[in-house]
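Keep the viewer open as you read.

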Amino acid sequence: VRPARGVALVLVLVLTMILGLLMTQLSLSTRAQTGRAQALTDLTQRRLALHSAESVLLFGLLTRPWGSARAGFDEAAVENLWRFDGEPFTHNGVEFFVQDVSGRLPLPQIADSLITLERALVAMGYTSIEAERKTLRLRDFYSSTAPTGKLLGSPIQSMDELGDLLGLSRRELELLRGVFTLYPVTQFNINSASPLAVRIRYPGFLADSVLMYREREQLDAAAVFRLTGRSTDEFTVFFPGPAFEIRARASVGDVALESLSVWVIQPYEYEPLRLWERRRPLALEQFQ
Amino acid sequence: VELLISVAVLGMVIGLASYAFSLFSGSWSVVRLSTDAQINSAQRLDLVRHALENSIPWGVRDSRDNIGFYFLGREEGLTLVTSTPVFSDDSHAVVRVFREMEGANRWRLVYEEAPLRSTRLTRADQQLDFRHRMIVMGGLASLRFRYFGWASLQASVEEGVPGAPPPRPQWFGDFDGLVRQISPQRIGLTLGGAEVVIEIPERVSTVVERLRVVE
């Protein structure tokens, strides 16, 4: 019996080791699989949340007056929260940035009206010579001709195309997107425009006064008359629509899912809701 | 002797347990590989869906300088311009999404991409370099495309004949943006038994007007 002493212990140890290895393998495999399943579930939930919240917002825009947010009212109703100046608000756990497109300037589409673009480039930090050089590239683009002398004639059809042409970084292009639009805006909503767009539209100290009045929520036709000495024309408005850029962001934990689309909303038309543009947004962290 | 028997029994138990575990993990691996393949396929399809959703109605001219849209849709596939291509992260691109035969009565969905980083797309007959290709999914019993939109630019603006129903957007089996001078509003993609409807941007009148302005 003496030589067999300790064998049982060895057997138990071997068995424990084998079981331990099996358990570790199972545990690692389970953790990896559940992690992947959880990631897919989170993605699906975020997507659903984003889609639902965007649909609720679009339904609100189709059926409710486009007034400003009303503090103290029912916060379950999106029309009591929304704003159209690109500042964020949260509804149903989704963060929205809604920008009235008429608060943007039309991207110059012909060669003789590039002054707003030049002003924007200067405001973004380019010297006036650099800005002029860049706008010259766009002028050449608009007026380029074929060897036969025939005008090639092609407008800018996407802001990415403009970025490539002017040699802008993604961040600079995103800044330009905040000022200009390819949507055919005919009126400028002075209340929803970004401060940069206001400064380009009203150069000099006038922009400061306009922004000051706007901050006090006193900007109306009378205020503009007091500031400029002229009545507002039909191209300056104080109400939003019909196109809205909707940027939505649904977050779960550290991960966020974003969407960006531009919708044209004309409730009394045959096609009351039209998708104008959809694109992948530059992540907020990258932009800020 | 007892020790020998106990070691033998223990060995058998461990052997049987290992065999059972290997059988279980083997069948689990098959399921897992199949699931992984499905997930990868779904992710590729998601990328293609994004590329289609983020399409740009791109105005071009044909060989006779007529204005139209760079959109060609057939039952077997489509070609369009997108702002969110799968491979080119920093530029828009022309993409082709179409079906290919894969054995008998089976189809595969194929995606091809031609970046427009240094190419100015102005003509419908321009030669493009489709340098990226991806098989999105395979083994599909049915795979076809259809398109929803106005029959033509003219139909989208006309009032209609008195007494007759006014023209309305409808589904078409093919959609040539050059001929119709308009781009569709939705793409229907039948994959196996289900149809995915993708809403795409429309900016027809603006593009046509701008192209005419620069003429």
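A salt bridge here is a side-chain nitrogen of Lys or Arg within 4 Å of a carboxyl oxygen of Asp or Glu. Asp36(B) and Arg36(A) make such a pair, with their closest N and O atoms 2.7 Å apart. Between chain B and chain A the count is 5 salt bridges.

Before going further, a word on conventions. This is a predicted model, in which local features need pLDDT of at least 70 and side-chain atom pairs count only at pLDDT 80 or more, while totals for chains, interfaces and linings use all residues. Residues are numbered from 1 along each chain as its sequence is written, chains are lettered from A and ligands numbered from 1 in the order in which they are written, and side-chain values use heavy atoms, leaving out hydrogens and water.

Back to the meeting of the two chains. With contact meaning heavy atoms within 4.5 Å, 44 residues of chain B and 42 residues of chain A take part. Together the chains bury about 4000 Å², and 54% of that lies on carbon and sulfur atoms; buried area is the accessible area (1.4 Å probe) that two parts lose on being put together, summed over both.

On the side of chain B that touches chain A, helix H1 (2-53), strand E2 (59-61) and helix H4 (204-213) each supply at least two residues. Helices (H or I, at least four residues) and strands (E, at least two) are DSSP runs, numbered from the N terminus. The largest share of that side, 13 residues, comes from H1(B).

Now look at chain A as a whole. Its secondary structure comes to 9 helices and 9 strands, and its C-alpha atoms fill a box of roughly 115 × 60 × 40 Å along the principal axes. Of its 288 residues, 42% are buried, that is, under 20% relative accessible area, with exposed meaning over 50% and partly exposed in between (1.4 Å probe, protein chains only).

Finally, find Ala151(B), in the loop between strand E9 (143-149) and helix H2 (153-157) of chain B. Because its relative accessible area is 28%, Ala151(B) counts as partly exposed. Leaving aside residues up to four places away in sequence, Ala151(B) touches Phe172(B) and Arg180(B). Ala151(B) and Gly59(B) are 92 residues apart in sequence, and their C-alpha atoms are 17 Å apart in space.
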